[in-house]
Amino acid sequence: MENKEVIAMLLAGGQGSRLGVLTQSMAKPAVPFGGKYRIIDFPLSNCVNSGIDTVGVLTQYQPLELNAHIGIGIPWDLDVNNGGVTVLPPYEKSGDTSWYTGTANAIYQNLAYMESYHPEYVIILSGDHIYKMDYAQMLDFHKENKAQVTIAAMPVPMHEASRFGICIADDKFRIIDFEEKPEKPRSNLASMGIYIFNWDVLKDALIRKKDQSNCDFGKHIIPYCFQQDMRVFAYKFDAYWKDVGTLSSYWEANMELIDIVPEFNLYDESWKTYTNANSCQPTFYGVDSSVYKCIIGEGSDIDGDVENSVLGVGVTVEKGAKIVDSIIMSGTHVGADAVINKAIIAEKCEIGAGCKIGAGINTPNVEKPSIYNSGITTIGQGSVIPPGVTIGKNTAILGETTLSDYENMSLPSGQNIIKAGD
Amino acid sequence: MKAAGIILAGGSSIGLKELTTKRASAAMPVGAAYRAVDFGLSNMTNSGIKTVAVLTQYNSRSLHEHLNSSKWWNFGRKQGGLFTFTPTITKNNNWWYRGTADSLYQNMDFLRKRHEPYVVIYPGDCVCKFDFNKMLKFHEEKGADISIAVKHMEDSEDLRRLGIVEMDQDKRIRQFSEKPMKASSNIASMGIYIIKKDLLMKLLQESHDEERYDLVQDILIRYKDVEKIYGYEFDGYWSNINTVDSYYRCNMDFLKKDIRHYFEKEPAIKSKTEDLPSAKFNEGSVVKNALISSGCIINGEIENSVLCKKVFVGKGAVIKNSIVLNETYIEDGAVIENCIVESHERIPGNAEFIGEAEEPKIVRLKN
């Protein structure tokens, strides 16, 4: 096989449990974003826009949607003869077989894949973030500094720094120390989980650390590189980068796309985002429709009011329905006169006529207050909401619900109905 | 499927006036999401036809750009494929296509190499959803030499722009006149034909030897009493977008839910997807009864209109009863009513373009 200068390894196996029912049946990178996209489209598009045509996608948690989405990589032009996209699930081995137990462990288990391309550099990415980045520029930086490892890092507010891996760098951006989630951060330069390694360095580190349990880049591999006194550099990135790991950050990032000139601009011709979208249909707006400050996906049929919302592909909004501050994913049907307020409704849901969603007081979720706490109603993929029911805030619904699931035709704020997921 | 397909996309319809200055009629945008040629290509792939040739000549750059990949219609296979033929100068031939029959004759090699016994021919500007399997079944049952798809037209239709046929009880075509001043029936030829490959090749050779170059006049009409030509009646939606009026009406038809869904449902009409972001509606947007494509950014008012890909509508701009072709930028406050706005235009903010309901105005500022 032809040698590749650089190949990418994209970690896409994480659950993203803080996204609640949205990740019940799919890994976080497969979660739809911005109407027609899925989160993984952003790093994948970054790869092809940066000229990287060999990408290994490591999957583990609920890979079905992800596999179907990636296919053979046609939307990203990754259906090439040499290289392209390869989905890399955990596999059985003759000796010890294990799941991917950590980010670095997952990459370690795929040494043979990387080896087959004889790369000079390997870039490690995660499928969890929304951003546009030219990895080719980062690679240039890596080469100019004769670095062995380069970590993409961005300045974050000091009070948030303790949530990140923090790089302490000198004025030439050589990292002199690295601390994973420090209590008292000494810098605000946060690691974005994007690493470029010289292949020999990566291979050596992974092999030496192979017996480390839950081997992780931030916790084990990067510190190891420091121990070996390697040249580790920080590539400063100061543009839009969003971790959409919680329901509120996910909701916000979608809403930000609606701004007149959004900070994260999908309409930028020079850095296109590609996705596996089959539909090229226009969207129809009926005589009684009203759309105001929103993004609406292809092939949708809008007869109601939509305001400050992001709608996916093939969404139907019947007459009299009113959708405000919400995210409605592809293929969902919203019945006549339904009122939806600050909700995230996943794909292929059926919202009955006259439903009121996102009503009532803002009490945190009883079972999972750490997940459902920002006033957002979350309805999982394929759910059915019978006509006429009222659903409160900080609620989660999953599955085909019927009237018998609701007391007095309503689900109070902070309650859940989870009927699927077995 | 036992047929190869040929799409005749060489023409520019005079009836489309300045709209065809830029492109062949087969490349005209239709229903905000399609190009006219998508209907032929989709009907063929949906009928299981594996090999399709598109014959182009007139101003074919737009069309070639659209056909730059065959994957959208699933033609990029080892068996079969999508071919585009433009006129080529060779040692023995330095002619453009002198007519539809000549364009086929000049690509006789394509026919010679096919293993499929039949050929289906479809015009590049015909908007309909068509199952060639049904027509082929009819063709074989009738033992026809040539079958022509025909459509019973409404009385209100202008028949002078169509080919008009008369059939006997057995559906054999007895009369055929091209664009008659006075139509003898209301049955129009849709320009869709099925013919045995060998017979087509023989007729093309004979016509060529007699220096006759038109498929309709010199083959179908001339041979109608020699060969058995049957009319296959089609009763679905059909529009031939060869005049400004029919083009405008066809696009407005897509505002109707039943017509739009008819084309969207499987087997759907497929087009090239261009990786554009979804349409975006900013403050100030008012949209009623409209079709809006991906990549559009809307700040103004839109009513009873069809907007193709990547149209920008500025604040306070008003667009009514109009079709706006792709990548046009409409500045703040412009007013457009009963118009067809050309692609890649920039409409200035103070501009007002108002056409008649019966006669939409073509807005074309760039040359």
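Two strands are taken to pair if DSSP finds at least two bridges between them. In this predicted model, strand E1 (residues 6-11) of chain A is joined to E4(A) by four bridges, and the two strands run parallel. Within that pairing, Leu10(A) has Val57(A) of E4(A) as its bridge partner. E4(A) also pairs with strand E5 (residues 84-88) of chain A, again in the parallel sense, over five bridges, and here Gly56(A) stands opposite Thr86(A) of E5(A). Together with helix H2 (residues 64-70) of chain A, E4(A) and E5(A) make a right-handed β-α-β unit.

The burial of E4(A) can be followed residue by residue: Thr54(A), Gly56(A) and Leu58(A) point one way from the strand, Val55(A) and Val57(A) point the other way, and all are buried. Because five of the five residues of strand E4 (residues 54-58) of chain A are buried, the strand is largely enclosed by the rest of the structure.

**The contact between the chains**

Chain B contributes 38 residues to the contact and chain A contributes 39 residues. Between them the two chains bury about 3,000 Å², with 50% of it on carbon and sulfur atoms. On the side of chain B, the residues that lose the most area to chain A are Asp275(B), Lys280(B) and Phe281(B), which together make up 21% of what that side buries.

Three salt bridges are found across the interface of chain B and chain A, and one that can be named joins the side chains of Arg260(B) and Asp301(A), at 2.8 Å from N to O. Polar contact across the interface involves 23 residue pairs, both residues being at pLDDT 80 or more. Helix H9 (257-264), strand E14 (279-281) and strand E15 (286-292) of chain B are the elements that give two or more residues to the side touching chain A, and E15(B) gives the most, with six residues.

**Backbone details**

Two residues other than glycine with a positive phi are set out below.

| Residue | Phi | Location |
|---|---|---|
| Asn308(A) | about 50° | strand E17 (residues 305-311) of chain A |

Since buried means under 20% relative accessible area and exposed means over 50%, Lys171(B), at 26% relative accessibility, counts as partly exposed. In chain B, the peptide bond from Glu266(B) to Pro267(B) is cis, with omega near -5°, and Pro267(B) is found in the loop between H9 and E14 of that chain.

Note on methods:
Residues numbered from 1 in each chain as written. Chains lettered and ligands numbered in written order. Predicted model: local features only at pLDDT ≥ 70, side-chain atom pairs only at ≥ 80, totals over all residues. Heavy atoms only, no water. Buried < 20%, exposed > 50% of the residue type's maximum accessible area, 1.4 Å probe, protein only. Right-handed = clockwise from strand over helix to strand, strands pointing away. Contact = heavy atoms within 4.5 Å. Buried area = accessible area lost by both parts, 1.4 Å probe. Salt bridge = Lys/Arg side-chain N within 4 Å of Asp/Glu carboxyl O. Polar contact = N/O pair within 3.5 Å; in protein donor to acceptor, adjacent residues only side chain to side chain.
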